[in-house]
Amino acid sequence: MVTGCYARKKDSSLEKIKGVEFIPEIEKVAQILESELVYDAFFGRSRPFLKIQSGCDQFCSYCIIPFVRGPLKSVPLDAVIKLLEKIRNENFKEVVLTGIHIGKYGLDLNDGSKLSDVIEQAHKIVGRVRLGSLESHEITDEILMQASQNKILPHWHIPLQHGSDTVLKRMKRPYTAAQYRKSIEKIIEVTPPHTGFGTDIIAGFPGETETEFLESYNFVKSLPFSYGHVFPFSPREGTLAWTMEKTNGINPQIKKERAAILRDLFAEKHNEFRSSVKGVKLTAIIENELKSNLYSATTENYLSIEIKGSYSPKELVRAAI
Ligand code: SF4
């Protein structure tokens, strides 16, 4: 049996093997094996990742995920609660809620559960809750309320992908740059001044003109990002943008240059952010021992720092940056 992403891609070399069965839905394999799908959390050293959902139905024009991961599939809330209790019982102080598209958590469950319900439970059971990537248009009033009550750590990763409306439209992203900015502003209104914002950006999307690139650059520059992941556009076979690339692709050298310009900008912004929190006392979670009496740690607003002293992983420490 071949399952998951690989089954959805139907590799032709596997198709030739006698007896191979393609079953994309892992749940079905579990049924076939007469066992239940066991949801589990990834237990990192200090900050376990709890995957609360999988799949996506947004079909952004460049993205292969909806094709390979299939439709939305949320972990039922009672199963999430059991995992959160397991995390607490293992003495973890922080949980990271992750998934492919966590803003759509619960839509497939038809029982009214939402991401804000998971946040509420995670805060109650574990304490510190960090959100994985969350789409700007899915930050609800309930989530903002929870942020204002310090139930969510002051670190937000909100994928932008591009700062030009015309490119966002070609990417089939369901928001404009102005709407994205509004979402960031709403978070800023309710969270502490040292809140960290991260994002993802694509450079050299098919047809990206110099003007569109500059719009994107200036948009990024105008927002308080503390870090950003930059990807030079790379076409994925089977997506709409794969076809666009064939007819309107950007010269690879230009893509590379534009990506480098954006990376430099994010590096500058990261340094500015670090300087802005100099002297501020933040709570950090101890990660690894680097050498005797020196530990790596992650702050509440997602800065990597080093702390001298004698600690143990998972421990929370109040530190002046
Ligand atoms: S980029 Fe994100 S929202 Fe868009 S299709 Fe891919 S997984 Fe879904």
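Predicted model: local features only at pLDDT ≥ 70, side-chain atom pairs only at ≥ 80, totals over all residues.
Residues are numbered from 1 along each chain as its sequence is written, and side-chain values use heavy atoms, with hydrogens and water left out.

**The largest pocket**

- The largest pocket has a volume of about 780 Å³.
- A pocket here is an open set of points on a 1 Å grid over the protein atoms alone, where a 1.4 Å probe fits and protein lies on both sides within 12 Å along at least five of seven lines. The volume is the space filled by probe spheres set on the points, with grid points joined across faces, edges and corners.
- Lining residues have an atom within 4 Å of a point; there are 31 of them, and Y62, C63, I65, Q161 and D200 are the closest to the pocket's centre.
- Two or more lining residues come from each of α4 (65-69), β6, β9 (196-203) and β10 (227-232). Helices (H or I, at least four residues) and strands (E, at least two) are DSSP runs, numbered from the N terminus.
- Which element gives the most to this lining? That would be α4, with 3 residues.
- By residue class, the lining divides into 16 nonpolar, 9 polar and 6 charged. Ala, Val, Leu, Ile, Met, Phe, Trp, Tyr, Cys and Pro count as nonpolar, Asp, Glu, Lys and Arg as charged, and the others, Gly among them, as polar.

**The parallel sheet**

- β8, β9 and β10 make an open sheet of 3 strands, in the order β8-β9-β10 and with parallel pairing. Two strands pair if DSSP finds at least two bridges between them.
- Its edge strands are β8 (155-157) and β10, each pairing on one side only.
- From one strand to the next, the twist averages 15°; axes are lines fitted to C-alpha atoms (for helices, over the stretch in contact), with angles from 0 to 180 degrees between N-to-C directions.
- β8 and β9 are joined by 3 bridges, and H155 stands opposite G196 in β9.

**The antiparallel sheet**

- Another open sheet has 4 strands in the order β13-β12-β11-β14, with antiparallel pairing.
- β13 (304-308) and β14 (316-320) sit at the edges, each pairing on one side only.
- Inside it, β11 (residues 281-291) and β12 (residues 294-299) run antiparallel and share 6 bridges, with N288 opposite S296 in β12.

**Pairings of β4**

- β4 (residues 49-54) pairs with β6 (residues 94-99) in the parallel sense over 4 bridges, and F49 stands opposite V96 in β6.
- With β5 (residues 73-74), β4 pairs in the antiparallel sense over 2 bridges; here S54 faces K73 in β5.

**Cysteines**

- The disulfide count (cysteine sulfur pairs within 2.5 Å) comes to 0.
- C60 counts as buried because its relative accessibility is 10%, where buried means under 20% relative accessible area, exposed over 50% and partly exposed in between (1.4 Å probe, protein chains only).
- C63 is buried too, at 19%.

**Positive phi in the loops**

- N110 is not a glycine, yet has a positive phi of about 55°.
- N110 lies in the loop between β6 and α6 (115-125) and, at 71% relative accessibility, counts as exposed.
- K314, in the loop between β13 and β14, also has a positive phi, near 85°.
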